Amino acid sequence: MPLSEQQLEVQLQELDSLFSQQKKAFNADKMPTYEQRYQWLDQLYQLLFEHQGALINAISQDFSHRSADETRLAELMPSLHGINYARRHLKHWLKPSKRKVGLAFQPAKAEVHYQPLGCVGIIVPWNYPLFLAIGPLTAALAAGNRVMLKLSEFTPATSVLLKQLLEDCFPEELVSVVLGEAQVGAAFSALAFDHLLFTGATSVGKQVMRAAANHLTPVTLELGGKSPAIISAEVPMLDAVERIAFGKLLNAGQTCVAPDYVLVPEARQQEFIEAYLAQVQQFYPAISDNPDYSAIINQRHLQRLQGYLDEAEQLGATVLYSHPLPTASSTERRLVPSVVTGVTDQMRLMQDEIFGPILPVVPYQTLEQALAYIEQRPRPLALYYFGYNQDQQQQVLEQSHSGGVCLNDTLMHVAQEDLPFGGIGPSGMGCYHGHEGFLTFSHAKSVFIKQRFNAAKVIYPPYGGWLQKMVNKFFVR
């Protein structure tokens with residue numbers, strides 16, 4: 001139900017008050033100790049560990065059905081591992097980084113000190129409402145910041161529960177959670193944060209960046225796009241198919257790094273289609289009432305996906321389903337996985353990020369042609385190549401641009417805490433996870449240190465012949 005103007009005004013006033021409270025708290029403690037930060041991370045870990053069941057149930061409620069094992073695998077496990085990784089490495093991250101000082105400037109020292117930015121804003125999407133809140137929160141707390149999270153209105157049960165749990169765990173001047181519709185989200189992104197991280201659609205990311213620009217707030221944008229998978233001419237088809245099917249159908253395709261479409265050698269197209277549909281049936285013997293297969297988040301997105309399929313068929317594409325379609329009276333929001341052939345650029349299916357269990361197949365003749373097809377389109381968040389020839393692997397790495405790459409796998413680069421995660425161009429900017437997350441939410445402050453002795457006096461005015469000798473000796477070579 002839409003908020004009245006009065007209710008909205010109250011929410012916006014509360015938002016401003018929370019932000020002011022966090023700024024004041026940070027100014028009173030600008031450099032939290034290692035012990036403080038470790039304790040924050042420890043509290044966050046215990047919160048997730050102790051409330052796993054409640055979080056799994058809330059997420060499933062929001063989706064109408066989300067596989068409990070998928071939530072454990074794709075949300076709880078990487079969140080807990082990410083906190084563990086930060087706890088193990090935090091002491092090392094906090095140490096100043098020693099840098100070189102040129103001979104002409106001796107005796108002196110140069111260091112980089114990592115200082116908290118201040119108050120960080122995190123805007124969380126609906127598709128992984130736990131992991132995409134906890135991941136950046138972990139990095140921001142490790143870096144010593146105050147954090148405000150704006151949770152998605154499309155996952156109300158999860159958002160309310162997570163707000164309650166975080167409020168019970170942390171004072172609101174350290175971590176606060178904001179709920180609300182799009183107007184609240186717009187006001188949130190317009191606050192004068194010291195850094196703002198947004199995960200979501202490219203179209204909304206542009207609006208967030210415009211709002212942040214008013215305060216010159218630096219942004220990290222984790223967007224999406226159409227992440228391709230390339231199948232080589234020689235790779236065993238079953239090797240590729242099982243990994244593509246897993247990556248495509250996790251969370252029913254509602255994953256920002258899911259394979260969006262697959263490029264297949266024209267001579268192997270039918271082989272791929274048959275193997276893929278058989279693999280889907282093996283993973284999910286049934287769709288309806290299958291506890292392992294997740295639903296589409298809401299009716300609007302289900303209609304959007306069905307609209308893609310209807311339009312594609314009208315424009316001449318062929319849609320092949322893995323299972324019989326449900327009856328018209330079915331109230332489940334579980335979309336049957338499908339493969340679409342004969343696709344063209346005129347179809348919305350090939351223009352928009354799909355975000356569902358629909359897999360277009362695009363035939364190609366040569367690897368160069370496949371790479372050219374990808375490079376002619378906006379740069380994706382992920383790229384997947386299936387082939388064991390190392391020269392061709394190197395060719396793919398050197399001649400393509402994407403936020404990240406998996407060779408002979410899908411999704412798994414996101415779960416590696418020692419790898420940065422981020423997009424490029426339309427798929428995002430900036431990165432986080434692991435050490436890169438700590439760096440994203442820290443200011444790398446250059447520090448030049450000199451004690452009593454000052455050898456630099458020789459270059460002070462009045463200038464003369466001695467200065468020219470020094471310049472010629474040390475600088476002009």
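This is a predicted model: local features need pLDDT of at least 70, side-chain atom pairs count only at pLDDT 80 or more; totals for chains, interfaces and linings use all residues.

Guide: Let's begin with Phe-63, whose ring has the charged end of Arg-66 sitting over it, 4.7 Å from the ring centre. A charge sits over a ring when NZ of Lys or CZ of Arg is within 6 Å of the ring centre and within 35 degrees of the ring normal. Residues are numbered from 1 along each chain as its sequence is written, and side-chain values use heavy atoms, leaving out hydrogens and water.

The structure holds 14 aromatic pairs (Phe, Tyr or six-membered Trp rings with centres within 6.5 Å; stacked under 30 degrees between planes, edge-to-face over 60, tilted for the rest). One of them is stacked: Tyr-45 and Phe-49, 6.3 Å centre to centre with 10° between the planes. These two residues are about one helical turn apart, because they sit four residues apart in helix α2 (residues 34–50). Helices here are DSSP runs of H or I, at least four residues, numbered from the N terminus. Tyr-45 counts as buried, at 17% relative accessibility, while Phe-49 is partly exposed at 46%; buried means under 20%, exposed over 50% and partly exposed in between, using a 1.4 Å probe and protein chains only.

Trp-93 and Phe-438 make a tilted pair, 5.5 Å centre to centre and 35° between the planes. This pair links distant parts of the chain, 345 residues apart: Trp-93 belongs to helix α4 (residues 68–94) and Phe-438 to helix α14 (residues 434–440). Both Trp-93 and Phe-438 are buried, and together with Tyr-85 and Tyr-114 they form one aromatic cluster.
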